[in-house]
Amino acid sequence: MTTILGIETSCDETAAAVVADGQTIRSNIVASQVDIHAQYGGIFPEIASRAHIERIYPVVDQALKQAEITLDSVDAIAVTRGPGLPGSLVVGVNTAKGLALGRGLPLLAINHLEGHVYSLWLAGPEFRFVAGESAPGEEWVPIEFPVVVLIVSGGHTELILMTGHGEYRRLGGTLDDAAGEAFDKVGRLLGLPYPGGPSIQKAAENGDAAAFDFPRAWLRSNQGEQNYNFSFSGLKTAVLRTLQRLYPDYRPDADLPPDLPVADLAASFQAAVVEVLVGKTVRAAREFDAKEIFIAGGVSANTALRATMIAQAGVPVRVPPLHLCTDNAAMIAAAGHFRYLAGQRDSLDFDVLPTWPLA
Ligand code: KG4
Ligand code: ZN
């Protein structure tokens, strides 16, 4: 039995969690800064760093208290080393180093993307879906490799083949904007509140996904074959051009025309993103004989993405519970559990890695 304290400060959530055996969440505290950054319509790195400094110790304390333990019963501290904002990462890493040094505890440096992958180990049996089955499973089905993982967040869009614990092959990723970033930027074009993802999903509920024919970036090679990369900036531009065509006076961040077809635009944009994300993930699962498909990261909360993936996968699909889609420290602790079992121990002199590919 392991008890891992996880710490995550890579972006705009200050988070700490206690996880037992890589699977049972004893506590999961997230102090979100979304309200602070909403006024800027995006994340302001220096403000994020300062907010982490103010919050990290209370958040760690609360995680231990809620788990009803002290550091004495912690086996190791797992902390996000990267990728992320340097000034944010350094707060979590220095806190983890201080605690590890003070208590003589092992320290584990974790890749944030690996954390998102391990959010699926924290998802109960009700988060494993098989198309055509009316209800999700009731019993935990052990995870078998290989698995194709789609990580989609505000900062990342990565398609990964996972062949074992800690074994990854990167199949592709975004060439420009991350999927969540596209949601956020288009949300802004449509005058919806930040973050754009949940706002667009909500607006799209009453919209017609076929109302606008936005482009799908399948990114074929000269031989006509698709690759596993993504591109969303052309789609964002297509939405902007459509708005400018409909309303010659349109300007982002200005007063929007009252008759703007927000629901149809949101639904059509969302459909274009989902179609490409699902199409490429499912193709990868076939090509590599994946046993299952995982989706993770903030955008994996999207209901259209989940439903379409489950319907088209051809293999079971696991999704994280909503509170584990966005950044949290429980997923870092879960990844830390498997790294701890594999014998990883990091010395106190490692530095943060703002860019750190998973594979
Ligand atoms: O994983 P996350 O919390 O932070 C990063 O590591 O980036 O992801 C945040 C992103 C934002 O871009 C947000 O708009 C998007 O996830 N998001 C969604 C939904 N909920 C959050 N995108 C689409 N549909 C949603 N329901
Ligand atoms: Zn993330």
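This report describes a zinc site, a pair of packed helices and one lysine in a predicted model.

## The zinc site

Three residues of the protein donate atoms to the zinc ion (ligand 2): His 112 through NE2, His 116 through NE2 and Asp 327 through OD. Along the chain, the donors of the zinc ion (ligand 2) have the spacing H-x3-H-x210-D. The angles subtended by the four donor atoms around the zinc ion (ligand 2) run from 93 to 149°, and the arrangement is therefore irregular.

Both histidines belong to helix 4, which covers residues 112–118. His 112 and His 116 are four residues apart there, or about one turn of the helix. His 112 and His 116 are both buried.

## Helix 5 against helix 8

Two packed helices are described by the angle and the distance between their axes. For helix 5 (residues 179–189) and helix 8 (residues 262–287), the axes come within 11 Å and cross at roughly 175°. Helix 5 is therefore roughly antiparallel to helix 8.

On the side of helix 5, the contact is formed by Ala 179, Ala 182, Phe 183 and Val 186; these meet Phe 269, Gln 270, Val 273 and Leu 277 of helix 8. Seven of the residues in this contact are nonpolar, one is polar and none is charged.

## Lys 185

Helix 5 also contains Lys 185. This lysine counts as partly exposed because its relative accessibility is 31%. Leaving aside neighbours within four places in sequence, Lys 185 is in contact with Asp 177 and Lys 236.

Lys 185 and Gly 41 are 144 residues apart in sequence, while their C-alpha atoms are 9.1 Å apart in space.

Note on methods
Residues are numbered from 1 along each chain as its sequence is written. Chains are lettered from A and ligands numbered from 1 in the order in which they are written. This is a predicted model: local features need pLDDT of at least 70, side-chain atom pairs count only at pLDDT 80 or more; totals for chains, interfaces and linings use all residues. Side-chain values use heavy atoms; hydrogens and water are left out. Axes are lines fitted to C-alpha atoms, for helices over the stretch in contact, and angles run from 0 to 180 degrees between N-to-C directions. Helices (H or I, at least four residues) and strands (E, at least two) are DSSP runs, numbered from the N terminus. Angles under 35 degrees count as roughly parallel, over 145 as roughly antiparallel, 65 to 115 as roughly perpendicular and the rest as oblique. Contact means heavy atoms within 4.5 Å. Ala, Val, Leu, Ile, Met, Phe, Trp, Tyr, Cys and Pro count as nonpolar, Asp, Glu, Lys and Arg as charged, and the others, Gly among them, as polar. Donors are N, O and S atoms within 2.8 Å of the metal (3.2 Å for Na, K and Ca); water is not among the atoms, so sites may look incomplete. Four donors count as tetrahedral if all angles lie between 85 and 135 degrees; four count as square planar and six as octahedral if opposite donors are over 155 degrees apart and all others between 65 and 115; anything else is irregular. Buried means under 20% relative accessible area, exposed over 50%, partly exposed in between (1.4 Å probe, protein chains only).
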